[in-house]
Structures are given as structure tokens and as C-alpha cells.
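Thanks for coming. I have one structure to go through today, so let me put it on the screen.

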Amino acid sequence: MPVPYACAQAVDTVARDTVSFDISAGPLDQALAQFGRRTGTLISYDASLATGRSTRGLSGDYTVAHGLAQLLSGTGLQARPLAQGGWLLLAAPDVKAAVLLERVEVTGQTGDPKDEMYRTAGSTHYLSRDDIERFRGTSVGDMFQGIPGVLVGENRNSGGLDINIRGMQGQSRVPVLIDGARQETTVYRGYSGVASRTYVDPDLIGGIEIEKGPTMNPHGTGATGGLVSARTINAGDIVKDGASFGIRVRGTAIGNNSGSASAEGVPAGYNVGVGKNTFRINCRPGLEALCSGANNPDSVASDETMDRRGTFNPRSYAGSVALANRWERFDLVAAYAQREQGNYYAGKHGPTPYLVFDDYIERGFYTQVKGELKGATRFRGEERVANTNFESRSFLLKGKLLLNADQDVEMSWMRYKSTYGELMPSQLRGIGDVRQTSGSHVTSQTWTSRYRWQPADNRWLDFRANLWHTNTDSYNQNYADGDILGNGMEELLGGLERPQHYKRTGLDLSNLSLLDAAGDYQLQYGVSLQWERLGPPLSEDDKASLVDGHAGRRDEQSVFVNLQLRPIDSVTINMGVRHSRFTSKDDMKLYHEVFEPSETEGPGGGGRWRCRDEDGDGQCDGYYAKATKHGTAPIVSLAWELWDGVQLYGRYAEAYRMPSLFETTYGFSFSPAQDVDLDPEHAKNKEVGVNFIHDSAFLPGDKLRLRAAYFKNHIKDYLTRTSNNLWDANYGRTFYTMRNIRGARFHGYELGGSYDTGGLFADFGATRYTFIETCHYGSYRPDLCTDYGIANSYITNMIPPKWHASATLGMRLFERRLMLGVRGTFMGARTRQPEYNDQTKQGSLAPVPWEAYKVFDLFASYRVNDTLSLDFNLDNFTDRYYLDALSLGRVPAPGRTARLSATLQF
């Protein structure tokens, strides 16, 4: 925390991590600009203060605070830390009147961003650029592997991100921001569920911050699970110190895949779908024709896809090039990233599926044998996994303009275009035949414009504005083929392949005021606005009929205010409140229908449904579904620093998530019920924890970081799809209904920490759920609450395992140019359903039963010189066969995969 007015020379422990400087003597304003670029630190000052002043320069390794003090030495200026990070330059007082202060330690925002994980009254996590490059993985979501309480749903389909934080997932429960913009789209995954997807290439990401639970972040509207904020690369990531222009070129060779997609229609896996799991033997003489053409064990699984290449035989690649230039007042970045990946191969060791033929039935003229598949997937060990092919091309253009010492504007444009294979979970489950399909497509464009105004002489004003727009067009291919489904089914399911157009615009405004000169009392307040439009584009004929796609519009507004108090040096209190409101309208016309009992057959003897025609015009009365709701939620936290480096905290946070556009519009397999009014979800989260941060704990210069937390998350009126109740107005007329269930609860512990001596380092994290509960009152439910799911509810396959953990061990050699290490990921099994009275058996959405697994990854990085660095990864080096936690599509993860990357930076 900042301290009152103090001499800059005394503040030499703001950031204990040192930075290398090489700033020449010369004009002070130029030196300050170079210092700010090198450290990423905001330095505010009146331009007149630096006019005509010079500095002796700065060369060597310094902390940010010490380096800034040295740079200002002899200039007649001094630096004062600001409450929200950065520094304010002021004229130094007359030396004769100066009072020598005792040595003061200041904790600011200028040190290692990872240290903020251990200084926050809540659970947070930070992924640096090095973390992302080190654990790039095969799928985009692999960069989140190993974070406590964080999982990625449906990671092996599409290249999109669907983040799960402590059981909360989808429908903006965990918004993923790209430079402050939301581009999440909801993709229908058949009767088995939905996936929320955000698209970005990791090569264009400079860092990611993760907040767990509700937040008073201006962008955190509706974030009942948490918030993921990713920033794209900036000039500081590309341009070397002391230079104005830079180029970064990165290329990666990827093994364990076919290099390209299989030909369309190529079968894979065990073929035991409807009508294909039985065969005949022992046909009587003269009746051999009864057995011809029937399935037999030899034709159940083809060997065409069992062509796995060697571990070190790369067949696919990824690469990027980024250019940046820095002028005195303007930074410009241009980048391009491309990825080409064929179908990967599953691992060898583990719970691979197999067929059992032990059901024999004598039919008189022949014997019928029925096969049964054992295992969670249909793919064999070391098999080429159909539809895991992926290719993408991304562009980034980003500029930052320094208007003056107090104001800056940053604007960016990103375009992401991808073609990928996709497996529809519900169709695979019912059809049982796996084949390569044609690719799905997505094109997403993101525009952002961010402005900041922080006058150096006005502590009441730190104003920020963020205007953004995203436009996503997607075409998600279904697994529909006439040869597989049978006549008529291809035409029925082909209609689900309707293109989707999604536009979202947002505006966030916020200001931070320091209520006292020391910054001990701060007030932050702001407003957030969103406008959403979902297609496909509809003609009037479409609007008058029950088409299968979602189409509508939604607007949301929220205002928030947060007060931070620091009554004494060791205690920090935050108190905030957010009010949210939304309206939505469905573009699909629905019709009122009533059941007309049969007059001849009597009560219960049948009848028919007919639409209402109250105006007597001979036409059915139609309507467009509308919804509007609002809610107010508080957040309170208290942090108490018992002694230096040891912090206790408690936090109570509420949040309202208004129904999403997907949930309030008609779509295939469910529709809004005529007598069901959707309420917002209401999250009530409690958390207590302890943070520990200490340097030179055991050895000189080492760094020890520890944290532990206990959380209780209760989500009231959880929104999800369910079976129709007998008393629903639309019972018998629709498949399923979107509604609020009683709620869901997730309680548990979370541990994390790191230890770094410079030569050796270790990280670990773990989450253990002590209580999981999903509750719904409905028809055919003997139990109000279960820990494994609800029939036909999307939440069933969003429930995390009861435990998961990770650990990383590594070393640095040869003056830290070489880094070697291993990471282990340990995942618990999915919560099992009971043998009897399994309430998920009633419908078509079955829990995906992944098994517990352990995966180990090796990594090595060698910095050849200041221009060239090499990275080598051997992911899953034990070649484990496993199904990822929260895998909706039953797609096994990649087996042993080697990756070699080279990065050139000029």
C-alpha cells in the first residue's frame, strides 16, 4: 500500500524483482519515457517539471523504485507512489527543510504481477507470456491447465475457450475478455448440451489475469463464476530495450498428428451404433443368406486410422510474426498468427475402450450376438481421432497514442478465422458411428478503443473509457450423414447447420477518486452498457414460423460503486454494490396453444392441441417472447496484514447474472415456456483465506509464496434446461424447457504456492470440493438434490471433479539460459451416478464419465542469445489415454506429443 509523502531515495523495496536498464544521459522527459516503456510503469508529471532538466542516465540492474530514484538523482524532482500503481513526480523540497524519514517499505503495482496473487483479498491467478509459451499444448485451452479451481470445458472441439471456475461455466458466468471486449458465443451441441466459445490465438496474447468469483471490475457484469481478462501483445513485448523498432518471429513444429484432416467420411473407432451392434452366426445349412451382410466382429472397427506416426515426426505447425515500432508519443503493433493441425492420435496406456460379445440369443435359424462397448469414448488407443483437425489465421493491429503526460488512447482490431473438425456429442452417443465430417467455420472480429485520463495534479480524477464491438459469424457442422442416420434423418438434422451471426457492442466508463492525499480512502464508480444481436438474419416468413436457430436482441446496463478504506496501515476494507438490468426480445414468433379434450372419449380420453385465435381472423395468435429483470448485489472484503508478508482475508460477494440471449430465445430442443418467467441467477459467495509472501526465507534471495482459501459458493435460481414437468403449459409440445432450478452449491478448499531460488523453482496448486449439490423440484424426481446432475440439464456436464491438482518442478542452468522442468496434472474422476434411481437416465443428456488420470509434461527452454531462443515440449510423455474433465464430446486427449519452437526477436 502507498505511504504518505516520502523521499524517493528511501523507497527502494517497492518491487524486489530487478530490471536491466541502459538509459543514456540526456533530456529527462525522453529518459522517463524510455523508463516507462521498459518497466510498464505509468509515470505522471506536469510537463513543465521536466522541461530543461537532464539526467545522468541509468545503467545496470535495479528495482523499479530504486531505478527511478537514481534516474531522478540531481534533477530536483522526486517520485511518489500512487494508490493504483504508477508514480507521481513532484519538485523535491528544499534540502534545508527536509526531514530525514525512517526507511519505509512500499508495496505497489510495479513488481512481479504474479505476486499480486498473494496480496489480494480473494483468489486470483496470473498467466505471463512465458507461462503461455511454455505450456502452449495441442488445444488452445491447454494454456489454462494446472490452475487451481479452473478447468476448460469441451477443450478438444473447435479451438474455442469455455472456462469453468469452481463449477460455474457458460452463458457469461465466466466472461473471457480480449482487450476488454467480450466475444463469447453459445454453440448448440445437440441434446447433450451447449458450449460457450471465445476465440483467440495464444501467440497474440501477452498476459492473462483470472479473478475467481464476483468482482467489482468495471467489466465484471454478470460474472457469477469469475472473470478472465486477456491482453494482446503490445510494443513492449516486441521491441527490445533501447530500440524503437522490433520484430518477433515464432515457429512451432508439432508431432503426433496426421498433418491434415482425414478424407470426409473416413470411419474411426468402434462402430456399434443403432442397428450396428449385433451380428449373426451359426446359420443353418441352406440359410446362409440370413447371415450375409450382417455385422460381425471383424467389421466393427477399421484399422484405417491406426497409422500413428513416430513421436518425433512433426506433421503440423504453428507460427506467428509480430512487428512493432515506438515513436515518442505513439506505439504501433501489427501481428499475424497461423496454425495448421491435422487429426491427432490418442494415447496408448489407460482406460481404452473395448468391445464385449457375450450376449447370445438363439433365433432358431441362426444365433444372434450382441456387442457392448465398454469405456467412455469410441476411439481406440493410439488411434487417429476423427475431427480433431484445426486451422486458424489471426491478424492483430494495435496502436497506443500518448496525448500528453496525463492522457492516452489505445485502439486495436483483431480478426480470427478458423476451420475445424467437430463431433456432435448427442449424435455420436445415439448413432454410435464415428466418421470424419466436413469442417465447421468461424470468423470473429474484435474492435476496441480505450482511453485513460489521469491528471497529475488532480487526485479526484482517474477516468477510463472502453468502447468495444465484436462480430462473430459461425457455421457449426453437424454429424449428419444419410448413410449413417438413414433416409430422412439427414434432411431433419441438416437444418441444424444454420449459420449464426452474433454482434455485441459495449461501453464501460469508470473513475477512481482519492478521497485523501495519502490514498488511504478511494472511491471507484462507473457504468457498463451492452447491446447484443443474435441471428441468423430472418425474413418475415421465418419470423412467422418456428425455425430452429436462435435469433433476438438483448440490452444490459449496470452501475457500480466501490469504496476502499484503510483505517490503519494493516487493514484494508472494500465495500461495493452493483445494480444490473436487462431486456431481451425473441425474433422468433411463437404461438399460444391450448389442449382441447375429446368430447366423445371423456376425461383423460385424449384430445388435440390447437392454437388460439381470439381475434377470430382465422389465423393463429402469435407473440414474441420478451423479458426484463433487474437486481442489486453487494461485495465486501477485509484484508488484515498480521505482520510483514502474512495476510488474512475474508470476502462476501454477491452477483446477479441476467438471463442470456440464448436462454431467452427459442431454439431447437427447447423453448421458453409460456408460463415460466425466467429470473436472474443470484450468486452468494463466501471466502476466507491466508496469503504468505516472503523473500530470503531459507536462502539469500529466494522467494516463497503460499496461499490457502476456503470457499462456499451458492447460486440461487440457477438457469438451465430441464425436462418438462407434468404441470407445465407446454408439456407434450416441446422437448425441454429453459427454467430456474432451486440452485447449485460448490464448497471447497484451494491451495497454491511457489518457491524459487533462482536455480531451482517449484509451483503447486490444488482444489478439493467438500460439498457439491444441484437442486431442482420437478416431475419424476425422487430426490430434490444430487451431487451428479439433473436430467437433461446443461449443468450435469459442467460439474467439476471433487479434486484436481498440479505441480511443476524445474531448474535453470548455464547462467539461467537453459531451463528444464516437468509438470504433473492430477485429475479426479467424475462424480458417479447411483446404480438405482439415477435421475439423469430420464432423458438424452447423459453424464460423460471420465476416469481419474495423471498426465506429465516435460519442457525445456534455451536462450541461445538475445535474438534466438528454443523451446522443446514433450506433452503427456507417458502416453496416457484419457478423457479430459468436462469433455462434452467424448473426445480423448492427445497422446505423447513433441513440440519444437524457435523464437527470433530482432
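Predicted model: local features only at pLDDT ≥ 70, side-chain atom pairs only at ≥ 80, totals over all residues.

Residues are numbered from 1 along each chain as its sequence is written, and side-chain values use heavy atoms, with hydrogens and water left out.

First, the disulfide, meaning a pair of cysteine sulfur atoms within 2.5 Å. Searching the whole structure gives one. The partners are Cys775 and Cys785, with 1.9 Å between their sulfur atoms. Cys775 sits in strand β44 (residues 760-775) and Cys785 in strand β45 (residues 785-786), so the bond ties together parts that are 10 residues apart in sequence. Helices (H or I, at least four residues) and strands (E, at least two) are DSSP runs, numbered from the N terminus. The S-S torsion is about 110°, so this disulfide is right-handed.

Are the two cysteines buried or exposed? Buried is under 20% relative accessible area, exposed is over 50%, and partly exposed is in between, using a 1.4 Å probe and protein chains only. Cys775 has 9% relative accessibility and counts as buried; Cys785, at 29%, is partly exposed.

Next, helix α3, residues 64-72. Seven of its nine residues are buried, so α3 is largely enclosed by the rest of the structure. Among them are Val64, Gly67, Leu68 and Leu72. Gly74 follows α3 and has a positive phi, near 85°.

Now the patches. They are made of residues with over 30% relative accessible area and no salt bridge, joining like charges within 9 Å and nonpolar side chains (Val, Leu, Ile, Met, Phe, Trp, Tyr) within 5 Å. A salt bridge is a side-chain nitrogen of Lys or Arg within 4 Å of a carboxyl oxygen of Asp or Glu. Areas come from the Shrake-Rupley method with a 1.4 Å probe, and for residues only the protein chains shown count as cover.

Which residues form the nonpolar patch? They are Trp327, Phe330, Leu332, Leu397, Leu401 and Leu403, together with about 500 Å² of accessible area. Strands β22 (330-341) and β25 (390-402) each supply at least two of its residues. Leu397, in β25, is partly exposed at 42%.

The positive patch consists of Lys684, Lys686, Lys712 and Lys716. Two or more residues come from each of β39 (681-695) and β40 (703-716). Lys686 belongs to β39 and is partly exposed at 48%.

Technical notes
Lys, Arg positive; Asp, Glu negative; His and termini not counted. Charge placed at Lys NZ, Arg CZ, Asp CG, Glu CD.
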